[in-house]
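Visitor: Please give me a close look at one part of this model. I would like the cut-offs as we go.

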Amino acid sequence: MTGQLVRLAETERGSIPFYLDGHLFEGLEGDTVLTAILMARRFLRRAEFGPENRGGFCLMGACQDCWIWQETGPRLRACSTALVAGMRLLSDVPDDWPAA
Amino acid sequence: MTRVLIVGAGPAGIRAAETLVEAGLHPIIVDEGARAGGQIYRRPPENFRRSSKVLYGSEAGKADALHDCFERMLSQGSLSYHPNASILGLGAGQAQFLRAGKVDSLAYDKVILATGATDRMAPVPGWQNAGVYSLGATQIALKAQGVALGRRMVLAGSGPLLTLVAAQLIKAGANVEAVLDTAPLQKQAAGFVGMAMARPVVAIRGLLLRAQLGRRYHAGVRLDQIEASDTGPTAVHWRDAAGRARISACDMVGMGWHLKAETQLADLVGVPFDWDDTSAQWLQRTDAFGRGADGVYLAGDGMRILGSDGAELAGKLAATACLTDMGLAAPEAKVVLKNISRMQRFAKAVHRSFPWPAQMVRDLPDDTVLCRCENISAGALRATIDQSGPEMNRAKSLGRVGMGRCQGRYCQLAGAEVIAAQIGGQPSQVGRLRGQPPVRPVPIEAYVDPNP
């Protein structure tokens with residue numbers, strides 16, 4: 001699978017495993033959640049109000065476009081959250097979410 | 001001791017803190033970033049290895065000086081520092097903030113707001129798709145994560161950041177297909193004279209960066225559409241200065257039209273606003289030192305878009321005013337005031353060179369997404385005005401433009417332009433979106449214990 005992002009520098013870092021929609025991926029130490037996901041794929045989440053996908057927009061915590069779900073419940077802002085080993089991330093609302 | 005709260009640890013916040021510390025105070029500094037520095041001098045995570053020369057180019061010396069200044073104050077225990085913390089609301093001497101998923105509050109006597117700026121954004125049909133980013137985002141990704149946001153990048157908009165980001169990406173080895181500037185060359189040339197007179201070195205540095213873009217760069221363009229497939233952008237459709245239709249293939253678009261001050265917190269503490277014709281946005285009314293209200297001081301791009309050098313000066317001035325109002329000895333401000341007025345002359349010329357694309361926004365097709373948060377179209381806003389009248393806050397209540405989770409940061413100016421066009425007037429005539437706390441989204445469990 002090809003992601004949206006290209007690493008231009010800082011590639012000599014240790015790797016961190018994480019799960020996205022149940023599949024195992026690897027990011028690098030110091031990656032944000034946004035960077036790690038977009039290295040693996042071209043979007044972060046489905047839009048709630050339109051047919052398109054969303055991938056973040058401002059990367060500085062202002063636009064709130066990059067909030068994604070986790071299997072464990074709370075959502076997180078992907079651009080300002082550091083990737084942590086074992087994170088279980090989702091691109092869509094969990095199946096048991098009533099308002100989906 | 002008087003408790004002085006500083007919001008933001010960029011160039012303005014850090015220099016404000018330094019001035020207060022030198023006067024013997026112990027400021028409290030709250031910042032959204034993981035490491036102090038702000039956006040333009042943003043620092044990557046600690047395990048990254050690129051030198052500051054690589055990260056900040058010609059500004060490396062200034063960046064190092066600023067970071068060192070902050071680290072020195074921190075290691076000497078001269079200030080209280082709360083990183084990764086977002087102020088949600090301010091008032092009555094209390095600041096509420098979100099940190100590590102919990103809401104907390106702290107008391108203050110005086111506050112210096114150094115909140116910075118976001119990209120000033122004009123919608124382009126298709127901009128809601130994944131793979132379309134702000135220019136600021138494009139630079140942050142490169143600087144703080146070492147990544148390019150796409151394999152074939154098209155950068156569009158206008159302002160100093162457009163040329164700077166494009167040149168930085170090319171230097172770092174990214175593939176920049178086209179740089180599309182909506183500012184016509186003759187406007188840029190007219191503004192350049194003013195820029196060169198106020199800050200000759202900076203103006204010439206800008207020209208040299210521009211030269212590095214070569215044939216990728218086009219001035220006086222009009223953006224028609226970002227074409228996208230299921231997986232993201234595939235092309236930007238645009239018209240050149242002669243009106244010819246052009247297409248640039250891409251898988252990423254970075255866009256922005258200079259900057260928009262981040263003003264929500266000042267609004268909450270009662271600072272008055274005026275429409276600023278020069279920068280085409282609402283700005284706080286302050287005196288020359290940044291006094292905005294009783295015990296409220298402003299500094300940096302959150303007050304007025306002067307860039308990082310101007311922000312450092314404004315930070316010193318705000319702290320100087322704060323000290324003076326406390327009856328404490330304050331540093332002499334004459335030279336700083338003189339230097340900042342040079343920055344203001346430069347900024348004015350920059351705004352003249354790279355204007356807000358008012359007509360392009362007024363001409364947006366009805367089906368263009370205007371509000372990215374909730375996909376409200378330009379046509380829906382136009383239809384709302386029949387019921388709400390031509391006023392931003394009422395149009396927001398009825399039509400939801402500005403109601404989404406960015407709270408109007410990215411749609412407010414375009415919305416005002418669309419409404420103004422309907423009445424044959426100017427954005428200054430249709431009102432200003434009032435700031436509402438919390439100024440950042442807060443998860444409900446930050447307020448309540450999920451396992452009581």
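Visitor: Why does B:Val448 count as partly exposed?

Guide: B:Val448 has 46% relative accessibility, so it counts as partly exposed (buried is under 20% relative accessible area, exposed over 50%, partly exposed in between, with a 1.4 Å probe and protein chains only). The model is predicted, so local features need pLDDT of at least 70 and side-chain atom pairs pLDDT 80 or more, while totals for chains, interfaces and linings use all residues. Residues are numbered from 1 along each chain as written, chains are lettered from A and ligands numbered from 1 in the order written, and side-chain values use heavy atoms, without hydrogens or water.

Now the setting. B:Val448 sits in the segment after α14 (412-422) of chain B (helices are DSSP runs of H or I with at least four residues, strands are E runs with at least two, numbered from the N terminus). With B:Ile444 and B:Tyr447, B:Val448 makes a nonpolar surface patch of about 310 Å². Patch members have over 30% relative accessible area and no salt bridge; nonpolar side chains (Val, Leu, Ile, Met, Phe, Trp, Tyr) are joined within 5 Å, like charges within 9 Å. Areas come from the Shrake-Rupley method with a 1.4 Å probe; for residues, only the protein chains shown count as cover.

B:Pro438 lies in that segment after α14 too. A cis peptide bond joins B:Pro437 and B:Pro438, with omega about -5 degrees. B:Arg400 is not glycine, yet its phi is positive, near 70 degrees. At 35% relative accessibility, B:Arg400 is partly exposed.

Step back to chain B as a whole. It has 14 helices and 24 strands. Its 452 residues give a radius of gyration of 22 Å, which agrees with the value near 22 Å for a compact globule (taken over C-alpha atoms; the rule is 2.2 Å times the number of residues to the power 0.38). The C-alpha box is roughly 65 × 50 × 45 Å along the principal axes. Of those residues, 58% are buried. The accessible surface is about 17600 Å², and 52% of it belongs to carbon and sulfur atoms. Among contacts between residues at least 6 apart in sequence, 66% join residues at least 24 apart (contact means heavy atoms within 4.5 Å).

Chain B has a partner. 53 of its residues are in contact with 40 residues of chain A. The two chains bury about 3800 Å² between them, 51% of it on carbon and sulfur atoms (buried area is what two parts lose in accessible area, 1.4 Å probe, on being put together, summed over both). Three salt bridges cross the interface (a Lys or Arg side-chain nitrogen within 4 Å of an Asp or Glu carboxyl oxygen). One links A:Glu48 and B:Arg405, with the closest N and O atoms 2.6 Å apart.

Last, the partner. Chain A has one helix and eight strands, in the order β-β-β-α-β-β-β-β-β. Its C-alpha atoms fill a box of roughly 45 × 25 × 25 Å. Of its 100 residues, 57% are buried. A:Glu10 lies in the loop between β1 (6-7) and β2 (15-20). Its phi is positive, near 60 degrees. A:Glu10 has 11% relative accessibility, so it is buried.
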